[in-house]
Amino acid sequence: VSLTLRNHPEAKRLRPETRERILKAARELGYQRNLLAWSTRTGIVNTIAVIGRFRKNDILSYTNQMLAGILTTCTQFGYNIKVYPDTNLEAAFEEISGSRISHVISLSVDPAERRKAPPSSAWCRRYQLNLVYVFEDAYDGFPSVNTDNFASAREIVNYLVSIGHRRIGLLCVPHRYLYIRERHDGYQQGLRDAGIEIDPRLIACSDRPEQ
């Protein structure tokens with residue numbers, strides 16, 4: 001019963017109808033878990049800290065999309081999230097540590113922000129926290145979760161070649177981030193795969209769209 005009500009992975013060993021009987025009885029009895037008492041007794045806090053740059057006007061930003069994905073998955077697995085801005089990392093990590101949160105997700109994608117002293121990785125190492133970066137590359141021994149931008153650009157070129165195109169241009173931007181470099185490299189590799197010579201005149205890596 002305890003495993004089922006805590007949504008513990010071990011509860012999956014029970015038959016589905018058994019778990020449903022337990023949950024049905026709990027609903028009928030009006031049972032609700034006391035998460036505060038449970039975390040005090042076990043020392044485990046089912047909360048994930050999310051650190052990022054959150055701007056009021058960025059309604060459609062990548063950060064908000066990633067935050068929505070984290071929230072959806074945490075809800076699915078019975079976790080909560082607490083969100084912290086990356087503008088004051090010392091205050092954020094003091095509160096994270098004081099709240100006994102042990103898992104941190106960083107949405108800060110600016111390379112300069114990741115490397116300024118002391119970065120999130122240094123705070124997590126100091127407080128012995130688990131850190132995962134979302135987007136861009138891994139840093140300072142902590143992993144990252146990212147899409148394969150190189151393969152995506154390569155497959156796009158392969159598709160265009162497969163439908164008969166030979167002159168394929170790339171409208172790029174200055175290579176400030178890893179994902180931009182990966183897309184650029186993937187585009188070039190796609191051309192090589194097709195035996196097409198790379199023509200610098202068909203590539204523009206500029207912040208000036210009028211070019």
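Which residues is Ile-48 in contact with, leaving aside its neighbours within four places in sequence? I looked this up first, and the notes below follow from there.

**Basis of the notes**

I worked from a predicted model, in which local features need pLDDT of at least 70, side-chain atom pairs count only at pLDDT 80 or more, and totals for chains, interfaces and linings use all residues. Residues are numbered from 1 along each chain as its sequence is written, and side-chain values use heavy atoms, with hydrogens and water left out.

**Entry 1: Ile-48**

I found Ile-48 in contact with Cys-74, Tyr-79, Asn-80, Ile-81, Lys-82, Ile-101, His-103 and Ile-105; contact means heavy atoms within 4.5 Å. The residue belongs to strand β1 (residues 47-52). Helices (H or I, at least four residues) and strands (E, at least two) are DSSP runs, numbered from the N terminus. Ile-48 has a relative accessible area of 14% and is therefore buried. Here buried means under 20% relative accessible area, exposed over 50%, and partly exposed in between (1.4 Å probe, protein chains only). I also looked up Leu-71, which is 23 residues from Ile-48 in sequence and 9.8 Å from it in space, C-alpha to C-alpha.

**Entry 2: the chain as a whole**

I noted nine helices and seven strands in the chain. The radius of gyration is 23 Å, well over the 17 Å that the globule rule gives for 211 residues, so the chain is more spread out than a compact globule. This radius is taken over C-alpha atoms, and the rule is 2.2 Å times the number of residues to the power 0.38. Along its principal axes the C-alpha trace spans about 70 × 45 × 35 Å. Of the 211 residues, 30% are buried. Among contacts between residues at least 6 apart in sequence, 62% join residues at least 24 apart.

**Entry 3: aromatic pairs**

How many aromatic pairs does the structure hold? I recorded four. Rings of Phe, Tyr and Trp (its six-membered ring) pair if their centres lie within 6.5 Å; planes under 30 degrees apart count as stacked, over 60 as edge-to-face and the rest as tilted.

One of them joins Phe-93 and Trp-123, a stacked pair at 6.4 Å centre to centre with 10° between the planes. It links distant parts of the chain, with Phe-93 in helix α5 (residues 89-98) and Trp-123 in helix α7 (residues 120-127), 30 residues apart. Phe-93 is buried at a relative accessible area of 0%, and Trp-123 is buried at 7%. Ring pairs also link Phe-93, Trp-123 and Tyr-127 into a cluster.

I then turned to Phe-135 and Tyr-179, whose ring centres are 5.3 Å apart with planes at 40°, so this pair is tilted. It too links distant parts of the chain: Phe-135 is in the loop between β4 (130-134) and β5 (144-145), Tyr-179 is in helix α9 (residues 178-193), and 44 residues separate them. Both count as buried, Phe-135 at 15% relative accessibility and Tyr-179 with a relative accessible area of 17%.

Most residues other than glycine have a negative phi. I noted that phi of Phe-135 is near 80°, a positive value. Asp-140, which is not a glycine, has a positive phi of about 55°. Asp-140 is placed in the loop between β4 and β5, and at 36% relative accessibility it counts as partly exposed.
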